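Colleague: I've got this model open and would like to go through it with you. Can we take it step by step?

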Amino acid sequence: AQAGADGTVVQTTRAGSGTAADPYVTTVTMLRPGQPTTSTTITGAISRRAQVGADGTVVQTTQAGSGTAADPYLTTVTVLRPGQPATSTTIAGYPSDVAQIRADGTVAQTTQTGSGTAANPYVTTVTVLRPGQPPTSTTIAGYPFGGAQVGADGVDRTALDPRGGDHRLPS
């Protein structure tokens, strides 16, 4: 279980065998102070542990696909904000780390695609989900070293290679 500063506790479980007939299903159960327990179900395997933000925002990343051309990796980021229905955003690629949550409820998830060859180079995508706004994404050439590290100033400090660098998140 993960616990947030506001007292929100979240537990994630998985069912299914991962086959077409019995796909993975992830259930996120939230215990919020003074509120009934709630759960939401997401199709896909748990990719990383759930995160709980200071404002009670919960984010769970799930992954589907085998990484082949016929069955590419897909990452789904499900955001559960206090008092709002769950929202899910699906992104091409494999998640590189846990989603990050800023104090204001902004969520950032990094994914990667490509195999690193000249014909299929690595590409990093940082997707940002802000409260009350549609998702935005930016792509960056290179393989991500970990996930987005978002500062209070809105700068994503995702390290892509030894040269590193800062990348302004889409607004």
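Colleague: How many bridges join strand S2 to strand S3?

Modeller: Quick note before that: this is a predicted model, so local features need pLDDT of at least 70 and side-chain atom pairs count only at pLDDT 80 or more, while totals for chains, interfaces and linings use all residues. Residues are numbered from 1 along each chain as its sequence is written, and side-chain values use heavy atoms, with hydrogens and water left out. Strands here are DSSP runs of E, at least two residues, numbered from the N terminus, and two of them pair if DSSP finds at least two bridges between them. Strand S2 covers residues 9-15, strand S3 covers residues 25-31, they run antiparallel, and the number of bridges joining them is 7.

Colleague: Which residue in S3 stands opposite valine 10?

Modeller: Strands of a sheet pair through backbone hydrogen bonds, either parallel or antiparallel. Look across from valine 10 to S3 and you'll find methionine 30.

Colleague: How many aromatic pairs does the structure hold?

Modeller: Rings of Phe, Tyr and Trp (its six-membered ring) pair if their centres lie within 6.5 Å; planes under 30 degrees apart count as stacked, over 60 as edge-to-face and the rest as tilted. By that rule, the count is 2.

Colleague: What kind of pair do tyrosine 73 and tyrosine 94 form?

Modeller: Tyrosine 73 sits in the loop between strand S7 and strand S8, and tyrosine 94 is in strand S10, 21 residues apart. Their rings are 4.9 Å centre to centre, with 65° between the planes, so the pair is edge-to-face.

Colleague: Is threonine 127 buried or exposed?

Modeller: Threonine 127 is found in strand S13. Buried means under 20% relative accessible area, exposed over 50%, and partly exposed in between, using a 1.4 Å probe and protein chains only. Threonine 127 has 1% relative accessibility, so it counts as buried.

Colleague: Which side chain does the side chain of threonine 127 join in a polar contact of 2.8 Å?

Modeller: A polar contact is a pair of N or O atoms within 3.5 Å; within protein, one must be able to donate a hydrogen and the other to accept it, and residues adjacent in sequence count only if both atoms are side-chain atoms. For threonine 127, the partner at 2.8 Å is serine 137.

How values were computed: Helix = DSSP H or I, 4+ residues; strand = E, 2+ residues; numbered from the N terminus.
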